Amino acid sequence: MKRYLFTSESVSPGHPDKIADQISDAILDEYLKEDPDSKVACETLVTTGLVIVAGEVKSKVKLDHDKIIRRTIEEIGYTDSSIGFDYKSVGILTSIHEQSSDISMGVEEGEGLFKEQGAGDQGMMFGYATNETPEFMPTTIAYSNRLVRELVRLRKEGIIDYLYPDAKTQVTVLYENDKPVKITSVVVSTQHKDSISREQIENDIIEKLIKPVCGDLIDSDTKFYINPTGRFVIGGPAGDTGLTGRKIIVDTYGGHGSHGGGAFSGKDPSKVDRSAAYAARYIAKNIVASGIASKVLVQLAYAIGVAEPVSIYVNTYGTSQVDEEKIVDAIRKIFPLKPKDIIEKLDLKRPIYKKTAALGHFGRDEEEFTWERLDKVEDIKNYFNL
């Protein structure tokens, strides 16, 4: 019997890197709201009492970036100046300028060497899906994300009223013959008020968070590590500098499958780092839901300014009776692969991205997440006469 442990982590919306992601995507959303054809590449750094935003934009609109940044920080929950970072007193520096014309000609239809709308950059993007969970996500990242979502709810609804916004979770799962059997350990680190005892925090997190969320996979041997340093009062940007794009594994599949290295937040959908990664997930999820494989990895790769992908790769990890070359052929016939077609099919010019910037880009059954739809399952079944 093949047995192994696998671990994934997740982080809360109040984690410094996620604050940066949400600010970048909030700015992107505001541009798209007024001008859906806006081209945006926006990077954010947050630290004690300071936000720095820099990037390149091509848009018909001018925005009050300061207002967007402060509103985003307030919505995340940083409203208390005593913890070293809050929306009212934070200093803000911005340096946003025009998109390079050399890049622009590659992503504008009718311009550049190739007249179709091309990819906004070169690179490879991966999509992954597995039938381990109802959301077609790996068990480790699915439970890590569920813990964070519930922890946010417990804080916002005052059920655990001494928490601050910064938090991290980590879940380790025992697999036997590639099937998840049980959770062997759970780590939760959550920022809290100084006046609360460690014993109370540990009891509340185990009884109100971990057991309700993970109860079906934990047992008496499962180990719980709650704030394992012993204290987590200094947190958020006062405790750690945050940067856009530094949580790419949290954003995707928790280390399962592969990752091409490109981050998502702050990038409009002409950047295939984002749109093609969403398309690859869309493809992978529909393949698994069709039943031709129990898990699959899909890679798409592009050249800047070129519409067609330079390669498509599929790995079903030996779980499919269908030849993988035939699956690639099916992908070419059934799914949108050119940047313009991906954007149109998944309706990616909408202001939907701030919501993606925390709690994961995949495995969420929400209207905005069009890449999670299972509307190609029948097409795949018909293609293979299933």
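## Accessibility and the Arg153 pair

Buried means under 20% relative accessible area, exposed means over 50%, and partly exposed lies in between. Arg153, at 34% relative accessibility, therefore counts as partly exposed. The structure discussed here is a predicted model.

Arg153 and Glu157 meet through their side chains in a salt bridge, with 2.8 Å from N to O. Glu157 has 51% relative accessibility and so counts as exposed.

Side chains of opposite charge can pair when their charged atoms come close. The count of salt bridges comes to 33.

One of them joins Asp17 to Arg246, whose closest N and O atoms are 3.0 Å apart. This pair links distant parts of the chain, 229 residues apart: Asp17 belongs to helix α1 (residues 16-34), while Arg246 is in the loop between β9 (242-243) and α6 (248-251). Asp17 is buried, at a relative accessible area of 1%, whereas Arg246 is partly exposed at 38% relative accessibility.

Another salt bridge is formed by Glu75 and Lys354, with the closest N and O atoms 2.0 Å apart. Here too distant parts of the chain are linked, with Glu75 in helix α2 (residues 65-76) and Lys354 in helix α10 (residues 353-356), 279 residues apart. Glu75 is partly exposed at 43% relative accessibility, and Lys354 is partly exposed with a relative accessible area of 22%.

## A salt-bridge network

Salt bridges also link Lys355, Arg364, Glu366 and Glu368 into a network.

## Aromatic pairs

A pair of aromatic rings is described by the distance of the centres and the angle of the planes. The structure holds 12 aromatic pairs. Among them, Tyr278 and Trp371 are stacked, at 3.9 Å centre to centre and with 15° between the planes. Tyr278 lies in helix α7 (residues 272-290) and Trp371 in the loop between α10 and α11 (377-383), so this pair ties together parts 93 residues apart in sequence. Tyr278 and Trp371 are both buried.

Trp371 also pairs with Phe369: the ring centres are 5.3 Å apart and the planes are at 55°, so this pair is tilted. Both Phe369 and Trp371 are buried. Ring pairs link these residues into a cluster that comprises Tyr128, Tyr253, Phe264, Tyr278, Tyr317, Phe362, Phe369 and Trp371.

## Charges over rings

Tyr317, one of the residues in the aromatic cluster, has the charged end of Lys295 over its ring, 4.8 Å from the centre. Arg146 lies over the face of Tyr143, 4.4 Å from the ring centre.

Methods:
Residues numbered from 1 in each chain as written. Predicted model: local features only at pLDDT ≥ 70, side-chain atom pairs only at ≥ 80, totals over all residues. Heavy atoms only, no water. Salt bridge = Lys/Arg side-chain N within 4 Å of Asp/Glu carboxyl O. Helix = DSSP H or I, 4+ residues; strand = E, 2+ residues; numbered from the N terminus. Buried < 20%, exposed > 50% of the residue type's maximum accessible area, 1.4 Å probe, protein only. Phe/Tyr/Trp six-rings, centres within 6.5 Å; stacked < 30°, edge-to-face > 60°. Lys NZ or Arg CZ within 6 Å of the ring centre and 35° of its normal.
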